[in-house]
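Thanks for making time this morning. I would like to walk through one model with you, starting from a single residue and then stepping back to the chain.

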Amino acid sequence: MIRRLILLLLFALPLTAVAQIDEAIEQWVEEHGSDANVSELTDLLIQLNDNPVNLNDTTAVSSLPFLSPFQVRALQNYIMLYGQLMSVAELHLVPGFDSLTVALVTPLVKAEPYEKQSFPGMAEMFRRGRHTLATGLGGTIERAKGYDNGKYEGDNLRGLLCYRFNYDNHVALQLSADKDPTETWGKDNFYGYSLTLDNIGRLERLVVGRFDVQFGQGVAIWTGFDPFSLMGNSPVRYAGGVKAASPFYEEGWQEGVATTVRLGRKVSVSAFGSRVDEEWLGGGHVGFRHGNLILGVTASASVLDDSVRLRNYVYNQDYFRGDRAGALGVDALWQWGRLLLFGEMATDAEGHPAGIGGLKFSLGNDNSIGLAVRHYDSRYHNLHTAAYSIGSRTANEQGVSLDGRFRLPLGLATLISADLHRFPKMKYGCYAPSTGSKWQMQLGRAVGHRGETWVRYTLRHQQRNVPGTSGAVIENTLRQQLQGQYRFTSGPWRLTTRVILSWFNTEESGNQQGWAASQEVRYSHGRWQTAVQAAWHDINGYYARIYLSESYIQYAFSMPVLQGRGLRASAVLRYDLTRWINLSFKYALVFRPGEDYIGSDNAATPGSVRQTWHLQLRCKF
């Protein structure tokens, strides 16, 4: 009875996430300069939104993003003690779950009675499994220069096809085909495939086909999407081990066999072997778990058919050359009460070190602080690594980061993040040792029961070569952004207003600035889901550019970069034809008044308007 009364109170509480997923993706794209890699995460989120994980299936919950291994273990223990969850809101009662985590996973989960079923025969498994088929077509209406001058061989259409089969979180089959613009149909197109077996006896996971491997903190090996940390949270990573690669991400994946086997309750062993683009990659991981301690040892080795030979530039003296590379790393996660310690140390085949370590301390009531320190030797050579860093490589970087999340009086919530770093050797764009820093602060609060607002300030200090000069003529640059957002939700409607100001200041080469204002309206009711957004902007330079998230459809994620003066508008429409079939359409328009071309080089399209579209059909049966 007491449990039911507590649940009634929890249902009355507004579930407002302090940090939104699309805003975190926006920050990641801005820092990395590309949105290609994010498609893996957006694909996963849409899959889970369409097929939520049952929290009472204690093996399936480990696949959820945003959950640490300790939170998964706490949920499993809670179910063992108190029985299956009666609602998703009951997550608030599970030790180690704060309101932010609950808000992030709520759209991805459900709480229904669950009973484990015996493994059926092939025919019965295929009949009872879930099938998903998606096909899409899209492109740019205006014709780019490259099609007329013969630089582009194919047409400007993008076509895709993806089939997925899932059975009770035990078997997953994925087949995909993707034709990009400029490619010829049937020639140089991208094809993906994977078969995954999960939790069958001692077999924890087996992937045949295209896969990713993610262990520790990403220092020894990490392929696929390298995750961001939400602002205000320590950059600790919870590795996914071996898993199937995203169907349409065309870089970084491996192809071959990868598996994880449990040797008792405390030890697991992983092994993988791959052959991609004239490279052999092999390795393994041994994991040990005892209570709230997780230890791991990772080894990887790469053998190339041909040696890497680079032209010698000033900035690349320490870059990898040769035909063999490898790494050996040790990682650890330990939770003691409210304190979480994490870290990984690794060395490459030549003995050059790299490592990261830190802590996260929960102060209760959604308050926490985090600290992390990293040191990556300039000669650390690892072809498959993606540890947390400010630079583009897990090498030639030292830094310390501090993060915090605090609840303040008057319902205010603040997020802070600071990172101080240095590059001991020269790097691309800066022909001398350099330093930098990044500071972020966000202040937000709920406005009534239907609205939420926040203001965020970001300051990024970097050093670079003065443009147009030769040699090590270095200047300091300062990039600042001030963003404000208000979001109002009422029934099927959601309105989001954003204003962004951007400044880029330098010592020698001139200043740039710009602004953008956007309004988005979303409506969801019955079979219809729509989103319309318009963004006005005036930005007078590339370094003051603004990244702006907008609604997308599965397998067609993109994040526009706003430059110049004009308008960016988009509309997304989804209609559920039946319970099992839905049709999605996205249209986007860029208007740059007074421009003769939009874009550059062969990708430039004539005129002041560029239009793109994408149509996608998804069937579930």
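**One residue, then the whole chain**

Glutamine 616 sits in strand 31, which covers residues 609-620; strands here are DSSP runs of E with at least two residues, helices are runs of H or I with at least four, and both are numbered from the N terminus. Please keep in mind that this is a predicted model, in which local features need pLDDT of at least 70 and side-chain atom pairs count only at pLDDT 80 or more, while totals for chains, interfaces and linings use all residues. Residues are numbered from 1 along each chain as its sequence is written, and side-chain values use heavy atoms, with hydrogens and water left out.

Because its relative accessibility is 2%, glutamine 616 counts as buried, a label that means under 20% relative accessible area with a 1.4 Å probe, protein chains only. Leaving aside neighbours within four places in sequence, glutamine 616 is in contact (heavy atoms within 4.5 Å) with several residues, among them Thr135, Leu160, Tyr555 and Ser584.

Turning to the chain, the protein has seven helices and 31 strands. Its radius of gyration is 25 Å, close to the 25 Å that the globule rule gives for 621 residues, so the chain is as compact as a globular protein of that length; the radius is taken over C-alpha atoms, and the rule is 2.2 Å times the number of residues to the power 0.38. Of the 621 residues, 48% count as buried. Finally, among contacts between residues at least 6 apart in sequence, 57% join residues at least 24 apart.

Methods: Buried means under 20% relative accessible area, exposed over 50%, partly exposed in between (1.4 Å probe, protein chains only).
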